[in-house]
Every structure is written in C-alpha cells, then in structure tokens.
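Please open the structure in a viewer and keep the sequence at hand.

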Amino acid sequence: MTNKTLIFGHRGVPVKFPENSLAGFKYALDHGIDGLEFDVHLTKDNIPVIIHDETINRTTNGSGRVVDFTKSELSSFRLSNGERIPTLSEVLKLLQFQPVYINLEFKTDQIHYPGIEKKVLALTQQAKLIHPVIFSSFDLQTLRICREIDAHQSYNLLSSSKRIKDPKNFVINEGLTGLHTSHYQFSSVLQRSWTVNNALKAFLLLTFGVSGIITDDFEKITAVRDNYRLDGNLFTQLIGH
C-alpha cells in the first residue's frame, strides 16, 4: 500500500451534501481532502456550470437540459439544500490557494458543446490554483481538442466497462497522462479509479499502486489508505466497512 495515492471526492461529498454543491466542496476543503472531482457543462449563453447530468431533472427542483437554459434562467432552480447550480468560476474561486487537486471532467460524451474546451482551459489557467488541474473526459475528441489548445496539461481518458487494448501505447499515442477507469487494468500507465466506495476494493487498488481513488465518501476511503495495514485481521476489518 502507498500513501501517495490521492483520494478524490466524487462530485464533492455526496454521502453528506448534494453532489457538485458548494457546501460539499467547502466541507471537503475544511476536512483535508486531497482532491475534488466535478463535472462541467455549458449553458445556452456559454457559461461553464458544475453539474453531472445533461439535464437538471435529477439534482434540482426543475427539469430540462442544461444547454437550453441561460445562466440567469438556471439560477431560478435549486439543489436539495437550496443552493443554485454553481458556475465553474464560483468553484474555482473557492478552490484558489487551496492545497487541493482538481479533477475536472468535460461532460461532452453526449452533447459536445462547441468551444467548451477553450472556455474551460482559459478559466482554469486564470485561477490561482496551487496544483495543475487534472482534466478528464469520456470523449476522446474533447481531449484531442484540449491538446491542440494547450498540450502541456494533464489529460486523461475516462473508461467504464470497455478495457483499452495496449493502454501504454494508447496513452502515448494520444498524448494523455493516464486513464480514469472503473476497472483496474494491469499496466504501468497512470490510473485513477472510480467510483470506489467499498473499503476492501479501495485497499486492493492501493496495493496495485493507483495514483488516485475517486469516491463518494472520501473520509471513509482516506481512512482505509491511512490506517489499515496488512495484518491477520485485515479482511475482517474491511468487510466490517
């Protein structure tokens, strides 16, 4: 096991706060989280906002597609704690000067918002962040566009059930930093694993040396990383979590 593995809050801290909410992000910062993962879409008037789905149906009291609302129109809807859907600018302002890693996911695999790459890269570069942003997407084309704009950032392909053939050469050929997978691939490429909420699975990934674990419960999985050691009671302890 290695303590170098970073633990990322998946959309903040959804076990305690609405996902992708400022309250969740603030709680995570106050409780020493390593990193935060969140999702970016564009509004009708091309403002990057932080929400997971293409629609607001599941996470707010409204309905409809994000892309069909202006930022002003979106502000009339609320998350379950009464907050508005945050903009990327608001989240970056919160994270400025904070010792936290950011994993920003471009949600472009279903709707490829024209110009989202340029807008998001510009905003993140203007923010006074301590660590370089980690960018990810299921959409390889988005990552290619990002590389054309700025080849010096960390770009990572998200992969779910589909295993990538020859991941090392794939990453090199696409100019990527690594892979974000829901399935560990036995390879020397940098990997961050999602969404890991089971303590035993987290421990096994730590023994594999993954670079990051993305989880809904960062406090629980951080404790696995920091406190558990390989001993005779390991499995009994982990199964209990």
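The model is a predicted one.

**First selection: glutamate 219 and lysine 16.** Glutamate 219 belongs to helix 8 (residues 218-227), while lysine 16 sits in the loop between strand 1 (6-10) and helix 1 (22-30), so the bridge ties together parts that are 203 residues apart in sequence. Glutamate 219 is partly exposed, at 28% relative accessibility. Lysine 16 is also partly exposed, at 47%.

**Next selection: arginine 58 and glutamate 19.** Here the two side chains form a salt bridge with an N to O distance of 2.8 Å. This pair links distant parts of the chain, 39 residues apart: arginine 58 is in the loop between strand 3 (48-50) and helix 2 (71-74), and glutamate 19 is in the loop between strand 1 and helix 1. Is glutamate 19 buried or exposed? Its relative accessibility is 15%, so glutamate 19 counts as buried, the cut-off being under 20%. Arginine 58, at 47%, is partly exposed.

**Next selection: aspartate 68 and arginine 65.** The closest N and O atoms of this salt bridge lie 2.9 Å apart. Aspartate 68 is partly exposed, with a relative accessible area of 40%; arginine 65 is partly exposed as well, at 39%.

How values were computed: Residues numbered from 1 in each chain as written. Predicted model: local features only at pLDDT ≥ 70, side-chain atom pairs only at ≥ 80, totals over all residues. Heavy atoms only, no water. Helix = DSSP H or I, 4+ residues; strand = E, 2+ residues; numbered from the N terminus. Buried < 20%, exposed > 50% of the residue type's maximum accessible area, 1.4 Å probe, protein only. Salt bridge = Lys/Arg side-chain N within 4 Å of Asp/Glu carboxyl O.
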